Amino acid sequence: MSEVVEIGDRPLIETQPTQDALDTTRPSEPNSHDEHLPRVADSISVSVWLVILISTFERFAFFGIREPFQNYLQNQRNDPLRPGALGLGQNKATTLSYMFSFLLYTMPLFASVVIDCFLGRYRGILVFLCIYVTGAFILTMTSLPPSLDAGAGLPGFLVGTILMGIGLGGVKSGISPLMADQYTNWEEKIVVKPNGNRVIIDRDLSLDKIYHAYYWAVNIGALSALATTYIEKDFGFWVAYLLPFCALCISLLTLVLCRNKLIKRPSSGNILPKAFRIMLCAAKNNFKMDAARPQRQAFTVDWDDDFVTDLQRGLIACRIFAFYPILWICHLQINNNLVSQAAQMDTHGLPNDIFPTLNPIAVLILLPVVTNVLYPTLRRLDIHFPPVNRMAIGFLIESIAIAYCAGIQQLIYTREPCFSHTLECPASDGGKIPNQVSVWVQTPVYVLDGLAEVFFDVVSQEYAYNKAPDNMKSIVQAVLSAMAGVGAALGFALYPVARNPHLVWMYAALAAAIALATVVFWLLFRKYNAEDAELNKREYSSERGGLKTSEVNINPNAG
């Protein structure tokens with residue numbers, strides 16, 4: 001038996017540790033100093049690690065398939081310098097890459113409704129993962145030499161990537177909430193360590209630890225591009241796509257075989273009409289969400305105060321994510337235009353599309369440093385580093401990375417043999433001789449981009465889960481993914497300048513845009529830093545069968 005005690009506004013359970021130092025064994029009385037106890041993260045359960053494992057294999061497949069796209073689409077099969085298949089050129093290849101990204105990141109908006117309202121997270125992920133596997137199979141088969149000879153390469157690419165985009169949309173919107181669902185300790189606990197020190201097991205820190213572990217693991221999966229980019233060069237694209245397809249099958253098999261070990265929340269029914277009526281009511285009252293509360297209506301409504309507060313919190317997250325498209329249009333450059341930029345330089349015999357793997361390598365190194373060194377140091381110094389500030393730092397670092405890209409491109413344009421018309425002049429010997437710049441000057445771009453991800457991407461996924469109502473978690477996660485889709489759509493506007501000799505101006509304009517967005521983002525949303533703790537307050541309610549939002553003080557003008 002344990003005694004629930006109150007410290008501040010949070011319910012706490014004090015426990016003495018068992019061998020695992022986390023199990024409740026007997027109650028003890030709190031004292032007035034409990035609120036000053038250090039807060040620590042909980043251990044990660046087996047079910048969480050299972051979802052992370054499934055995600056890692058899926059990410060192995062995704063990055064292994066995606067990284068060869070630019071060469072597969074852009075270069076001819078008989079290209080003397082780089083591997084290729086369809087020979088569409090840089091502009092068309094980049095456009096198709098943006099189209100895939102747009103589909104991939106906007107599909108979660110539709111898939112999340114199916115998952116949250118009808119199928120539930122587990123069954124939804126299972127269905128969409130099957131669609132994903134089908135698309136990968138079609139892409140692999142149509143990249144075989146006989147298929148390319150028969151002209152099936154481009155149709156197979158389009159059909160395969162459309163199916164993969166649909167499947168990925170469902171997986172992306174559901175997998176992260178499914179992982180967080182596995183952590184079920186809603187109440188905070190006081191535990192006594194073997195050395196006698198008392199600490200509070202903090203739910204927010206525990207989720208933070210889970211999301212950082214997840215992000216680190218999926219970046220291990222992203223290293224698959226190291227293999228597939230070499231395989232495409234030495235054995236062909238169909239072999240390069242076969243390896244990720246097999247990894248995807250392992251992910252699906254693990255999901256099926258381990259189904260009984262996972263916590264599976266049922267679907268909540270279609271709550272969107274109710275949410276739409278609340279937002280319509282708020283819109284009629286100068287967009288004040290408090291105007292939609294039941295007690296302020298002249299007639300009986302089918303929602304309660306809790307639902308309005310839940311929806312208000314979710315809308316705050318969506319408002320913050322509205323600035324993410326400009327961030328994503330810059331981040332997506334590493335998958336298309338930076339691959340083409342590498343082809344303009346001396347790669348020292350390496351595949352030009354292998355260099356984006358420096359990004360996940362940077363994340364694997366920097367994420368533990370930020371998680372285990374920077375954040376704990378700031379906490380010990382009592383320096384608050386809330387989510388909005390972390391996101392703003394990510395924006396700032398990304399702007400520096402993209403500005404550096406402009407500098408690299410200018411350097412390329414100053415070098416022989418083709419200057420600002422790389423691989424196009426007669427001195428390039430039919431595209432065999434790139435401009436004399438080492439490709440390794442790109443390294444800081446991928447390191448800076450990886451560091452930016454550590455701040456903006458990890459915290460945004462955690463923010464989406466924390467702020468979303470329990471029955472809309474996949475939907476809010478989908479809104480976050482959709483911002484990347486909007487960024488990909490904006491990338492279409494780069495089509496006229498994504499070619500020599502305009503690339504310097506393209507990168508410079510992107511750097512200026514995201515630098516401006518960084519300032520505006522922080523000025524608009526820094527007010528949520530002070531409200532973040534209150535926005536996250538929750539309590540478990542058996543009457544609602546899940547998560548219940550506590551009464552919170554939210555700025556009525558914020559939602």
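**View A. A nonpolar patch on the surface includes Leu516.** In this predicted model, the patch is formed by Leu516, Val519, Val520, Trp522, Leu523 and Leu524, which together have about 540 Å² of accessible area (Shrake-Rupley, 1.4 Å probe, only the protein chains shown counting as cover). Patch members have over 30% relative accessible area and no salt bridge, with nonpolar side chains joined within 5 Å; a salt bridge is a Lys or Arg side-chain nitrogen within 4 Å of an Asp or Glu carboxyl oxygen. Leu516 sits in helix α18, residues 503–525 (helices are DSSP runs of H or I, at least four residues). Leu516 counts as exposed because its relative accessibility is 57% (exposed is over 50%, buried under 20%, partly exposed in between).

**View B. Leu243 belongs to helix α9, residues 237–257.** Leu243 is partly exposed, at 33% relative accessible area. Beyond its neighbours within four places in sequence, Leu243 contacts Phe60, Ala227 and Ile231 (heavy atoms within 4.5 Å). Gly64 is 179 residues away from Leu243 in sequence, yet their C-alpha atoms are 7.7 Å apart.

**View C. The largest cavity has a volume of about 550 Å³.** On a 1 Å grid, a cavity is where a 1.4 Å probe fits but cannot get out, and lining residues have an atom within 4 Å of a point. Its lining has 35 residues, with Arg59, Phe63, Lys172, Trp328 and Asp457 nearest the centre. Elements giving two or more lining residues include α6 (153–181) and α16 (443–467), while α1 gives the largest share, 6 residues.

**Notes.** Numbering starts from 1 along each chain as its sequence is written. Local features need pLDDT of at least 70, side-chain atom pairs count only at pLDDT 80 or more, and totals for chains, interfaces and linings use all residues, while side-chain values use heavy atoms, without hydrogens or water.

Terms used: Patch = residues over 30% accessible without salt bridge, like charges linked within 9 Å, V, L, I, M, F, W, Y side chains within 5 Å. Buried < 20%, exposed > 50% of the residue type's maximum accessible area, 1.4 Å probe, protein only. 1 Å grid on protein atoms, 1.4 Å probe; cavity = no way out; pocket = protein on both sides within 12 Å on 5 of 7 lines; lining within 4 Å. Points joined across faces, edges and corners; volume = space filled by probe spheres on them.
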